[in-house]
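Work through the exercises below with the sequence and the 3D view open. Each task is followed by a solution in steps.

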Amino acid sequence: MQSTIQSAKMFYILIAIVAVSSLYFVVPGVIVAEESPRTFLTHTGLVIQTTGDVIDPIGYDGQALDFDPDKFMKEFDYGEVTVLDDGTILREYYITARDDQIMEVSPGVFYNVWTFNDSVPGPTIRATEGDLVRIHFTNEGSKPHSLHFHGIHKAEMDGVFESIGTGGKFTYEFYAEPVGLHLYHCHVHPVEEHINHGLYGAYIVDPKEPREPADEFVFVLNGFDTDFDGENNFYAANTVPFYYQHHPIEINANQNIRAYVVNILEFDAVNNFHLHGTLFHHYPAGTDTVPSGYNDMLTMSQGDRQILEFNYKYPGLYMFHAHNTEFSEKGWVSSFLVKENTDDFDTQVEYDDII
Amino acid sequence: MTSSKPVLAISAIAPIVLLIIMIAFLLGPASSFLQFGIVLPEVSIEKIEFTRNEIQATVRNTGPVNVNVVLADVNDRIQPAAIEPDTSLERFETALVRIPFDWNEGQPYEIGVTIDDGTRFAKGVEAAFPSLEPDLDLFVFLGMIGFLIGVVPIMIGLLWYPFIKKLGKNAFNFFLAFTMGLLIFLGIDAVIEATEISKNHLSSVFNGELLIATVIILSFLALYGIGKKLTQKTEFSKLSKGLAISLMIAIGIGFHNLGEGLAVGAAIALGEVALSTFFIVGFATHNTTEGLAIAAPLTSTKAKIVKMIGLGLIAGVPAIFGTWIGGFSFSPFFILIFLAIGAGAIFQVVLSIFHYMNEKSDLLSNTSLFAGISAGLIVMYLTSVII
């Protein structure tokens, strides 16, 4: 009798211990010492008061991202120039593919990017019609990669059937043609995966007779499926979601603006581009000298690109973004800050004429 | 015996010491040797609340590694948010994600969070419902609900006492068996409800189903011990055996009603049920049978009204506490545990009644047993359909 009472007691003690220790898992949120709340302004203009952290894709501690969209949008790679005996201009470029880098694609979100020259997108390759383009490609990645350029070239320079293995090198050579805005990307199967990870870039062929002087920008419309469910988690113009919304691109009123817009978005069949406050003339693939329309909306399929020419009449802050609001609310939203043009001359040639 | 005590202690402790050494070895020197496979992080959204111009989600790190919650979204659209206490979540740690959002009542929403490796976790709400303000009005309201679904129906059920008392032996056995049927049904119902809560609200890391099984068995054993003592006491006290059985039933049903009250309170707080009069009517009808279950064993003795009311309160009042606790602080874990305790208690009570009946007559030749259990189950099923 005594022992049964003893064991019964033990049993209840055991239950009590289990019950008390389970509290650790049950009660949500441990008591936190009172802190005075701080106030934040969010990227949508809301005010948040909190004692905790703010999670907003623009990044509140102002940390530098691995990729600088401001630098990228105005950076053109003209290559190393040599004039050949017959007068042809040879442009040599060096592109290295890697697939082991981790990039902060949005504040706090780290993603394994595959890169051309350590960047997503890769460098904007720029040449003039008729130039001989020679690209020294090295694959330092762990997987096979290749360079596939849009444009006119020989089949063996197409970068599709010959993938370059780890540590391999290949020299792509072709004449820059036709005039226009093209793109390049890795064409190794599965292409979707190689593009989602970041192996692409813009390729511009300028006409021999230069285009009208203008303030020029490159916008590569891209996205990232960071959890591999076949849907993009982030959308952007030039990789970083919401970047230009908080770092408006400064331009002048009454100045010619030329935007090279490349759509390399995976998973979504169409992307689009909507400009506020003015309309643009647009040139599909930039191959024609006559604009095919005057609009403030562009609809682009995968691999489509357009050259846009426009100017602003009035100064102020103007958005440009995907009119597909899902994309814009996941990062593809940007803005121009149009300033009063005080200069007498209304244009400045932005790209250096090498020859 | 006394001389071997140190030896006994050492033999008890030695395996534990060796186990600790082995764990230390595996975590320390051998840890790199044992690393294989891919470790996937996991975050669970446990609760979503809608307050004035804000959506609040309680998230818990239910994975094996520490994570940072770096992004929040509503309906898969990125929204700025605050996270308290901070973005970093250790194993099992929770945080409150506060998303300023002008939500619309009655509309479905999906709330998502993205962690540092880009993985998104989401949970849906069928209809946005403003969180209840924890004030006196809510306290009274929840108390009323608990009273209506717990205390009142049981008291009504007890009123069958005079009727059952006048019945013959076979009819009495039938009603005892009927009670067993009711209780078996209640027990199964509680297990199913607990399983559902585990599935919908509890992260798989807690092994909800195993927890339910564990708690049911523990509760059964604990009440079996208590029941044994109570019935032993009856041999040398005024407490009659019938009353002891009734008390056991009342305690078992009390636990059950605590769990049920928790579930109802939580459902009210989360806005998961359209709380209509119909819902209350159904619940009350269903629970009236619980009063009958308490009344039946009492008929073999002289029961005073005060005692009966006391038993009714033991069984019914926990429902009020349940609705309060569930309504003011929702914890799927507590609901699950109390439903499981209730189930274990009820199964133990069924066994007690069986023993009690078996002492009085040879049960297996008694058709009223089978008829009673069947009738009890069927009545419970039919009243459950009404809810």
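Two strands pair if DSSP finds at least two bridges between them. Helices (H or I, at least four residues) and strands (E, at least two) are DSSP runs, numbered from the N terminus. The model is predicted: local features need pLDDT of at least 70, side-chain atom pairs count only at pLDDT 80 or more, and totals for chains, interfaces and linings use all residues. Residues are numbered from 1 along each chain as its sequence is written, and chains are lettered from A and ligands numbered from 1 in the order in which they are written.

**Exercise 1. Strand pairing between the chains**

Find the residue of S5(B) that is the bridge partner of A:Val54.

Solution. Start with strand S3 of chain A, residues 53–55, which is joined to S5(B) by three bridges. The two strands run antiparallel. Within S5(B), B:Ala82 is the bridge partner of A:Val54.

**Exercise 2. The side of chain B that touches chain A**

Describe which elements of chain B supply this side, and its make-up by class.

Solution. Contact here means that the C-beta atoms of two residues, placed from the backbone, lie within 7 Å. By this rule 35 residues of chain B touch 34 residues of chain A. The elements of chain B that each supply at least two residues are strands S3 (67–74), S4 (77–79), S5 (81–84) and S7 (94–100), with helices H5 (208–234) and H9 (332–360). S3(B) gives the largest share, five residues. For the classes, Ala, Val, Leu, Ile, Met, Phe, Trp, Tyr, Cys and Pro count as nonpolar, Asp, Glu, Lys and Arg as charged, and the others, Gly among them, as polar. The side of chain B then has 18 nonpolar, nine polar and eight charged residues.

**Exercise 3. Two helices of chain B**

State how H2(B) and H8(B) cross.

Solution. Axes are lines fitted to C-alpha atoms, for helices over the stretch in contact, and angles run from 0 to 180 degrees between N-to-C directions. The axes of H2(B) (residues 136–158) and H8(B) (residues 305–328) come within 8 Å and cross at roughly 155°. H2(B) is therefore roughly antiparallel to H8(B), a label for angles over 145 degrees, while those under 35 count as roughly parallel, 65 to 115 as roughly perpendicular and the rest as oblique. By class, the contact of these two helices has 18 nonpolar, eight polar and no charged residues.

**Exercise 4. The partners of S6(A)**

Which strands of chain A are joined to S6(A), and in which direction do they run?

Solution. Take the partners in turn.

1. S5(A), residues 80–83, is joined to S6(A), residues 89–106, by four bridges and runs antiparallel to it. A:Thr82 has A:Leu90 as its bridge partner. The two strands form a hairpin with five residues between them, and A:Gly87 in the turn has a positive phi of about 90°.
2. S7(A), residues 109–116, is joined by seven bridges, also antiparallel. Here A:Met103 stands opposite A:Tyr111. Two residues lie between S6(A) and S7(A) in their hairpin, where A:Gly108 in the turn has a positive phi of about 90°.
3. S9(A), residues 132–139, is joined by eight bridges and runs parallel to S6(A). A:Arg91 stands opposite A:Val133 in this pair.

**Exercise 5. A loop residue**

Is A:Asn324 buried, exposed or partly exposed?

Solution. A:Asn324 lies in the loop between S23(A) (316–321) and H5(A) (325–328). A residue is buried if 20 or more other C-beta atoms, placed from the backbone, lie within 10 Å of its own, exposed if 12 or fewer, and partly exposed in between. A:Asn324 has 17 other C-beta atoms within 10 Å, so A:Asn324 is partly exposed.
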